[in-house]
Amino acid sequence: MKITNAKVIVCSPGRNFVTLKIFTDQGIFGLGDATLNGMEKSVVAYLENYCIPALIGRDPGNTEDIWNYFYRGVYWRRGAVSMTAVSAIDMALWDIKGKVLNTPLYNLIGGKSRKKVLVYCHANGKDLDDTIEKIGKEIETGFKAVRVQSGVPGISHTYGVARDNKFYEPAHKGLAQEEYWDTSKYLNFVPTLFSRVRENYGDDIHLLHDVHHRCTPNEAARLAKELEPYHLFWLEDPVSGELQEGLRLIRQHSTTPIAIGEVFNSIYDYSTLFTEQLIDYIRMPLVHGGGITHMLKVAAMGSVYHINTGFHGATDLSPVNLAASIHFNLAVNNFGIQEYMPHQSIVNEVFKTNYSFNDGYLTIDDSPGIGVDIDEKKAGLYPYSVARLPVNRKTDGTLFNW
Ligand code: GCO
Ligand code: MG
């Protein structure tokens, strides 16, 4: 069997998605998600100029060799743009493998370790009362785990909270907007928020929170310690993860579980975090973490150190990535939780999906491969439009992590 061609489909049903479609001489094709929010066109250029010409003629069954060709074989390896391209190729090849063998992806990577995949949703409100109300709605919908973000008194727009009371979407149309940030106001507010949430909704609901890289290790240790009484499922990205050793300080001071790595793209971003058991959950998703081939190794290494998966799954990751993640989550033993931010309904006009949500869990049908298809005609109706993530400054104007 040979790869005959591949193409990149860029579309924007409500938000931008990049999809790689790989064709074979047996009429079977595979799909991979290649979306890197705000940097879509860089991945498109890398795929079109470098990867696709080198894919043609290869046997799509050789997923390990092809993965290494685009990782080890590339002198300028790693980085978000190249790893998103590698991920898309790998995902599409596993999709083809499943279709050739007429079996769902999960069967190729261990079969089902569980019946269904626990997910968490987002609840975000403009202030404390609004957030409390939003959490109630998510619990009514059936969610067993809720990520809680709230507007902070004294900070006008902050991460994770919709500006217009609509559904929160990461990225805004046009060039990057600027937001302002005040860590001390944030740190003073968050424990009160979680105390109110537990008071209102009790101990059974799983609660998560995303710091979005905004604390120093010392500030994060304070926060993790002060949140201990509210038993979070996890505290996410408490610090920016470049300094892996920085996580030691948080660990020494608190038992609040830590999730990190939605911006990571390699097993080496995790090595110290794993071997020193500094975290509890792997956030790096299939779409940016090298696809199924690499993430199987990351999950296996994590399992040695009691670390579970908790993949990134915001709306800027396409339905192809979500479906592939459900297969992966069904199969690996050390699955923890999956982020699930349902896509706007317009997305389902373009992507034909095979998963469903019921009572806090996602399941997937038995279509071969990943099981998602793309309607290219419909995709053509929604052309790419420039959208960027915000840039963040401290209140005195100093540039800061977003
Ligand atoms: C999350 C994330 C997202 C990211 C977004 C960036 O935990 O879901 O932090 O909201 O900010 O995916 O593109
Ligand atoms: Mg996050």
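## Close-up views of a predicted model

**View 1. Aromatic pairs across the structure.** A search of the whole structure finds 18 aromatic pairs. Here rings of Phe, Tyr and Trp (its six-membered ring) pair if their centres lie within 6.5 Å; planes under 30 degrees apart count as stacked, over 60 as edge-to-face and the rest as tilted. Y75 and W76 are edge-to-face, because their ring centres are 4.8 Å apart and their planes stand at 70 degrees. Y75 is exposed, at 69% relative accessible area. W76 is exposed too, at 70%. Buried means under 20% relative accessible area, exposed over 50%, and partly exposed in between (1.4 Å probe, protein chains only).

This is a predicted model: local features need pLDDT of at least 70, side-chain atom pairs count only at pLDDT 80 or more, and totals for chains, interfaces and linings use all residues. Residues are numbered from 1 along each chain as its sequence is written, chains are lettered from A and ligands numbered from 1 in the order in which they are written, and side-chain values use heavy atoms, with hydrogens and water left out.

**View 2. W234 and Y281 form a tilted pair.** The ring centres of W234 and Y281 are 5.1 Å apart, with 55 degrees between the planes. W234 lies in strand 9 (residues 234-236) and Y281 in strand 11 (residues 281-282), so the pair ties together parts 47 residues apart in sequence. Helices (H or I, at least four residues) and strands (E, at least two) are DSSP runs, numbered from the N terminus. W234 is buried, at 0% relative accessibility. Y281 is buried as well, at 11%.

**View 3. Three residues coordinate the magnesium ion (ligand 2).** The donors are D210 (OD), E236 (OE) and E262 (OE), at 2.0 to 2.2 Å. Donors are N, O and S atoms within 2.8 Å of the metal (3.2 Å for Na, K and Ca); water is not among the atoms, so sites may look incomplete. In sequence, the donor residues are spaced D-x25-E-x25-E. D210 lies in strand 8 (residues 206-210), and E262 in the loop between strand 10 (258-260) and helix 9 (271-275), so this pair ties together parts 52 residues apart in sequence. Both D210 and E262 are buried.

**View 4. Charges sit over the rings of Y69 and Y361.** The charged end of R58 is 4.0 Å from the ring centre of Y69. K116 lies over the face of Y361, 4.1 Å from the ring centre. A charge sits over a ring if NZ of Lys or CZ of Arg is within 6 Å of the ring centre and within 35 degrees of the ring normal.

**View 5. Helix 1 packs with helix 2.** Axes are lines fitted to C-alpha atoms, for helices over the stretch in contact, and angles run from 0 to 180 degrees between N-to-C directions. Y50, C51, A54 and L55 in helix 1 meet I66, Y69 and F70 in helix 2. Contact means heavy atoms within 4.5 Å.

**View 6. K378 is found in helix 13 (residues 376-380).** K378 is partly exposed, at 32% relative accessible area. Leaving aside neighbours within four places in sequence, K378 is in contact with E349 and V350.
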